[in-house]
Structure formats: C-alpha cells, structure tokens
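Me: Hey, I'm new to this one. Can you walk me through it?

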Amino acid sequence: MKYSELISFQPIEDVIKLSSADDAQISREYVKSYVMSDRMATTLSAAIIEQLKFDNVESKGVLVVGNYGTGKSHLMSVISAIANDANNLPLLKNRNFAQIMEPVAGKFEVLRLEIGGGVTMPLREIIFAAVREDFAKRGIFLAEPDFDSIWNNKNLIRDFMTAFDNKYSGRGYFIVVDEFFSYLSSRDERQILRDLEFLRDLSEMCSKSKLRIIFGVQEKVFDNPRFGFISDTLRHISDRFTQVIITKDATSYVVAERILKKIPAQKEWIRNHLEKFCGLYSGMASRLDEFVELFPIHPAYIDVFNKIWLIENRHVLKNISLAIKNIFDNDVPDNAPGIISFDDYWSAVKSSIFPKNEHTIRRVIETSGTLEEIINRSFRKIAYKPLAIKIIYALSVHRLTTNGLDARFGLTAENLKDDLCLYLPLPEHNADFLLTAVRSTLDEIIKTVSGQFIVRNEENGQ
C-alpha cells in the first residue's frame, strides 16, 4: 500500500496573509479550506461571534492569540470574509460554526490591516490613516485630524462612525488587525502605554456603536511579563477585551483534517498496520486514534515544532506538506511503522538561509554537521548507522527547543525510541530489545566521537 492511497493529501505551502483576503476570490478559497473542530467552534462562539452581534450592548474588542503556524491569520480572514459577505457562509466545512456565524454574516464592511515591527507611527495615527483611506475608496471623505489638539479619542471614533452610518445605515464597520504584537514589541514604554490606551478607547466604542475590532497577536498581551511595567493599566484594559488562544491542539486538527484527511477505510488499514507495533512504543496504544489521524506524521513532530523558540513556527504546515510530498508515492513498509517525526525537520533547518544568521542556530548546525561527518566516516556498526544519523538529527532539532546551548536538557533513549518510532529488525519483536539497540547506538555514537559534542547525563539518562 502506498502512502498516496492512505491519505487525501492537500498540501499547504503558502503562508496566509490577512490582507490577501481583500480579494473576494481569495477570501472564498480561505473560507472553503478552513477546518476546525466542534470544540473550537464553540469556543469562538462566545469569545468572538457574540462580540460581533449588534444586539450585544456590552460588545468588547477581541484578541486572537496564536504563534506563527497556528492558523491565526487564516481564522481572522475567514471570520472577516463571512462577516462581509453572507454568500461565503455555505462554504464553511464546519456546519456548527456556520450556524454560529449566521447572525453576523454579511452585516459588516471590513478594513483589514497588518502592522509589523519597526513601524514608528502611533497606533492611533495608523488606524485613522487606514480608516480615512478606506473611507475615501467608499466615497466618504474625512478631514485629517490635528492629533495634537485631540483631548478625547472617543469623540474622534464617534465622528468617523457617524460618517460611516450616514452611508451604510444598519451595517457595521469591522476593523481586523494582524501582527499587532510585533508592532507593540518594537515600541518604547511610553509609546506602548499610549497605544494600549487608544486600544481601550476603540474597544469601548464597540459597545456604543456598530464598530467591531479584532487584533491578532503572537503572544498574550495582558499577562505578558515583558509589559510588567504597565501591569495596572493592562488589567484595566483587559476588562474591555476577550481573548481566544489558538493552541497546538488546533494545529494538529488542521494537519489531520486538511493535509492528511482520511476516509474510514483508510483509517482502518492504518490502524491495523500500527497495531503490529504498539507493543514497541510507550503510549502508542493509548493514543492510537491520534496516531491514525495524523499518520504518517508522529504527534511528537508538532509538539516539538511548537517549542522551537529560535525559528518561527509559521512554516509547520508547509514543512509537513513537504515531508509528505517526499514519501507520497512510496510504499508503506510492512516491517516498520513508516512514521515521520521531528528528526525529519533537521534537513529543513540545514537548508534554510535565514536561521544561519542566528548565532545559536549556526553553532548547532556546525556542531551537528561535524558530528554527522564523523559518524559517516568512522561509525563501526554499519547496520546501525542510519539509526545513529536519525538520532543526531533529532537531538539537533531538540537542542533548538531548549533555552540556550548550555542547558543540560536532552532526550533519553526511551524518548528517542518512542518519539521517533525508531525501528530495527531484531531477533525479537520486543520493546526491551529495541530499547537496548537504541542505547547501544547512543553508546557507539559517544564512543565514535570520543565524547565530543554529545554527552549523557548519568543522573537522568538524558
């Protein structure tokens, strides 16, 4: 059986940009391709959709929190596309979410913005400049305000919403902003305070008009220690916002339902295949449903990827897509699990240009390369050499999840066996035999390189 016969492969190769949803055809494609669990749909109902309804007199602003690769921009594109055009509603795959969004579908005119780091304009001026430009395209002309003489931001917001209502009676104005955390992080303390105070004014006007706002951020804002110098202000502002946090569980769902979608017959074949190997790997039997849904990707691939703090996670879906492409026409091995784990990502790290400019990543790449070269040249257990290289790649990726190169934190032989689904043809199909082989390979690696580059912590086996 080939991998291509077991999955309905839909690769994700492009990073979604919020602004591209301004194109009606692209926004429709975003809606059609978006997948979510029923659990996430319920979460979004209370946190986002309720805030968009016109009959909610206590409407608040919304923060969507999600690191790169979690689908934050895709989600905001989808919500804004449906809010702007009810014809997009039937395109949603999740019918529960379609029902939840029905009351706000087609009720809004939308302004989408991306604000990156390095921008020096205050948030208030950015928003008003974008609103004036958007209004001008709609035939609504606003005078440029004298910001130095403005003593109440809410009056300014009320004025532009009055101008909007005069042309779009009964409709709402929906401002959707992405990459806000990057912008905020580039500001100094006084600027951040002013920006957040204006953000509070925007959110307060949501309850006094048909203005609605959603801001996308890579990290939490209100309880983030880097903004501890304005903690009292943040507590006050947080009362005017709801937060939606997109977790790694959501990423796993996208991988399973969009990239690696399977029909019941395919799942049954995969289940029967993996059951032959459950006895070799701790936790596989108890998580077999998850292994089947993500096959041929190991759940640990996503877990580890989400912990890599030096490399942006925006390409997790892209890298999984590329990994599947590389094996798509191959046969699933009868005598091995045939699962891809996070060691596969090391090739992408080595071949990328941007990470090598970072000192820590460069050192890991150079050291790992030296280690791999020595193993290829001098490793004596030839039959175990592919396993040794796989282990080196996994340890190299894992090193990028730790806080610095000096952190004495690694993986045990058991971790490597289970999280990589390591496999060797052995006299006995037995977990202990396999673990002994992994330990023997690790010993031989350390011996081959004379204890350089890789060491074992005797206290915990890492």
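Predicted model: local features only at pLDDT ≥ 70, side-chain atom pairs only at ≥ 80, totals over all residues.

Me: How many helices and strands does the chain have?

Reply: The chain has 19 helices and seven strands. Helices (H or I, at least four residues) and strands (E, at least two) are DSSP runs, numbered from the N terminus.

Me: And what box do the C-alpha atoms fill?

Reply: Roughly 80 × 50 × 35 Å, taken along the principal axes. Of the 462 residues, 52% count as buried; buried means under 20% relative accessible area, exposed over 50%, and partly exposed in between, with a 1.4 Å probe and protein chains only.

Me: In what order do the strands of the open sheet come?

Reply: Five strands line up as β3-β4-β5-β2-β6, with parallel pairing. Two strands pair if DSSP finds at least two bridges between them. At the edges are β3 and β6 (241-245), each pairing on one side only.

Me: Which bridges join β4 to β5?

Reply: Strand β4 (residues 172-178) and strand β5 (residues 211-217) run parallel and are joined by five bridges. Across from Ile 213 in β5 stands Ile 175.

Me: New topic: how many salt bridges are there?

Reply: The count comes to 25, where a salt bridge is a side-chain nitrogen of Lys or Arg within 4 Å of a carboxyl oxygen of Asp or Glu. One of them pairs Lys 17 with Glu 114, with the closest N and O atoms 3.8 Å apart. That pair links distant parts of the chain, 97 residues apart: Lys 17 sits in the loop between β1 (8-9) and α1 (24-33), and Glu 114 in strand β3 (residues 108-114).

Me: Is Lys 17 buried, partly exposed or exposed, and what about Glu 114?

Reply: Lys 17 is partly exposed at 36% relative accessible area, and Glu 114 is also partly exposed, at 29%.

Me: What does Asp 22 meet in a salt bridge?

Reply: Arg 112, at 2.8 Å from N to O. This pair links distant parts of the chain too, with Asp 22 in the loop between β1 and α1 and Arg 112 in strand β3, 90 residues apart. Arg 112 counts as buried, at 11% relative accessibility.

Me: And what about Lys 32 and Glu 29?

Reply: Their side chains meet in a salt bridge at 3.1 Å, N to O. They are three residues apart in helix α1, so about one helical turn separates them. Lys 32 is partly exposed at 36%, and Glu 29 is partly exposed at 35%. Elsewhere, salt bridges that share partners join Glu 109, Asp 134, Arg 138 and Arg 171 into one network.

Me: Last one: what is the volume of the largest pocket?

Reply: About 850 Å³. On a 1 Å grid over the protein atoms alone, a pocket is an open set of points where a 1.4 Å probe fits, with protein on both sides within 12 Å along at least five of seven lines, and lining residues have an atom within 4 Å of a point. The volume is the space filled by probe spheres set on the points, which are joined across faces, edges and corners.

Me: Which residues lie nearest its centre?

Reply: Of the 31 lining residues of the largest pocket, Leu 395, Arg 399, Phe 453, Ile 454 and Val 455 lie nearest its centre. The elements giving two or more residues to the lining are α16 (359-378), α17 (385-399), α18 (413-420) and α19 (431-448).

How values were computed: Residues numbered from 1 in each chain as written. Heavy atoms only, no water.
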